[in-house]
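Please consult the sequence and the structure while reading.

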Amino acid sequence: MADKKAVVQIDDKSFELPIYSGTAGTDVIDVRALGQQGYFTFDPGFMSTGSCESKITFIDGGKGVLLHRGYPIEQLADKSNYLELCYLLLEGELPNHAQYEDFENTITRHTMVHEKIASFFQGFRVDAHPMAMLCGVVGALSSFYHSDLDINDPEQRKRSAHRLIAKLPTISAMAYKYTVGQPFVYPRNELSYAENFLHMMFSVPAEDYKVSPILAKAMDRIFMLHADHEQNASTSTVRLAGSSGANPYACIAAGVASLWGPAHGGANEACLKMLQQIGSVDRIPEFVKRAKDKDDSFRLMGFGHRVYKNFDPRAKVMRETCHEVLKELNIKDPLLDVAMELERIALEDPYFIEKKLYPNVDFYSGIILKAIGIPTSMFTVIFAMSRTVGWISHWDEMLSEKGHKIGRPRQLYTGYNTRDIKDIDQR
Ligand code: SDX
């Protein structure tokens, strides 16, 4: 129901567009009627465009607020765990004991992948980037679950979601094992989600592997902080792919591809490389100067955000976790000193203050992942497997809407008008 109306006056014509208010956040102007008036909206990068209605996650960029189904990320990180958060994002409410036990059991029993999945890796060069392997193998999952898949059946959509949440850690760990030439490790049903991932990453047949509870807790925290984030580039990619009725496993592969970019999920890998490039606290001013230079393409990776014009609440939790992990593991990582000093300098610098550039989720995650022993090339893979629940929750929400439409944006055309082709000997 429209709360208010926007009046549009074009030449001697005027017409009204309904304005809707959500439960929180910015009001939206419904521009669907513009088409009948002979106009499109124009908003490259969707800086001011709402693509859908959603109940899953809310961000207040000005206040640095992130809510999942209404619960602040700080409370969830402190009191919940990743599988509970997966249930919350998918079902809309936190689970009770029985629901949690059933959900955990369901996810656990989907962690194995078809044996044929292992053969897909053999086609990759050993130096293949793990994100390239994740893109390919997750897309290949669609060949195992397609013929009898009815995405209009809520139960089958839910089962696809369970399979993806369960299998992404297995496939991610396989990508890592392939790069280090070690045998793939099967999941163990007695382990928790995070323990299982570390087990599949680091255990070897030659000796028993004991999962560190400190690392498992840090891993679970990292999964939670990356789980969902409204209509970011990769989630919008999954929604657009899914709007055509495409196979959900193929849609998640599309999300993996979009997340890979250094402006998005690839920033954690790029941020750690940047901290290593800076190397020491005394070189920070040189790089801050470069980041402000319009003629220099260098940017401070892990800083800035399309929505947050205040601290990314995830970065605050990540910073605390970073200190906890390094302290508990008794690791003195000079990169943390560089990161802390870079954060201090940037937050006092007029350029960053004026442009409201704060550390985002990717700024500290790389330091924690490095402390856990995860190689830099696997950082975005960890982001992708954590975000799978967000992607598939939005996919499910979209498909459960009555009369959802295929996404098909329009354009401002500035190319040639109609012209006749000339034979090649006249060109
Ligand atoms: C994620 O959308 C999400 O929710 C994403 C995410 C999620 O959970 O899904 O939160 C995950 O992608 C976090 C962002 C990770 N990316 C990085 O850390 C890469 C570095 N940051 C940027 O490239 C940039 O800040 C973006 C891409 C994140 C946001 O870019 P916008 O909104 O398009 O803004 P912009 O690039 O137009 O920047 C605005 C201004 C520009 O200067 P002017 O042209 O106005 O003079 O700020 C400057 C930029 O040059 N700027 C930076 C900067 N980021 C922006 N200058 C130096 N260093 C930076 N990091």
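**Packing of α8 and α13**

In this predicted model, helix α8, formed by residues 213–225, packs with helix α13, formed by residues 313–328. The angle between the two is about 170°, and their axes are 11 Å apart. Because angles over 145 degrees count as roughly antiparallel, α8 is roughly antiparallel to α13.

On the side of α8, the contact is made by I214, K217, A218, R221, I222 and L225. Helix α13 contributes R314, V317, M318, T321, E324, V325 and E328. Sorted by class, the contact of α8 with α13 comprises seven nonpolar, one polar and five charged residues.

**Residues around the ligand**

The ligand is surrounded by 24 residues. H229, H305, R306, R314 and R387 are the closest of these. R314 is also one of the α13 residues in the contact with α8. By class, the shell around the ligand consists of ten nonpolar, seven polar and seven charged residues.

Which distance separates a polar side-chain atom of R306 from an oxygen atom of the ligand? The value is 2.7 Å. For H264, a polar side-chain atom lies 2.9 Å from an oxygen atom of the ligand. In the side chain of R299, an N or O atom is 2.9 Å from an oxygen atom of the ligand.

On its own, the ligand has 1,100 Å² of accessible area, and the protein covers 78% of that area.

Conventions
Residues are numbered from 1 along each chain as its sequence is written. This is a predicted model: local features need pLDDT of at least 70, side-chain atom pairs count only at pLDDT 80 or more; totals for chains, interfaces and linings use all residues. Side-chain values use heavy atoms; hydrogens and water are left out. Axes are lines fitted to C-alpha atoms, for helices over the stretch in contact, and angles run from 0 to 180 degrees between N-to-C directions. Helices (H or I, at least four residues) and strands (E, at least two) are DSSP runs, numbered from the N terminus. Angles under 35 degrees count as roughly parallel, over 145 as roughly antiparallel, 65 to 115 as roughly perpendicular and the rest as oblique. Contact means heavy atoms within 4.5 Å. Ala, Val, Leu, Ile, Met, Phe, Trp, Tyr, Cys and Pro count as nonpolar, Asp, Glu, Lys and Arg as charged, and the others, Gly among them, as polar. A residue is near a molecule or strand if one of its heavy atoms lies within 4 Å of it. A polar contact is a pair of N or O atoms within 3.5 Å; within protein, one must be able to donate a hydrogen and the other to accept it, and residues adjacent in sequence count only if both atoms are side-chain atoms. Accessible areas come from the Shrake-Rupley method with a 1.4 Å probe; for residues, only the protein chains shown count as cover.
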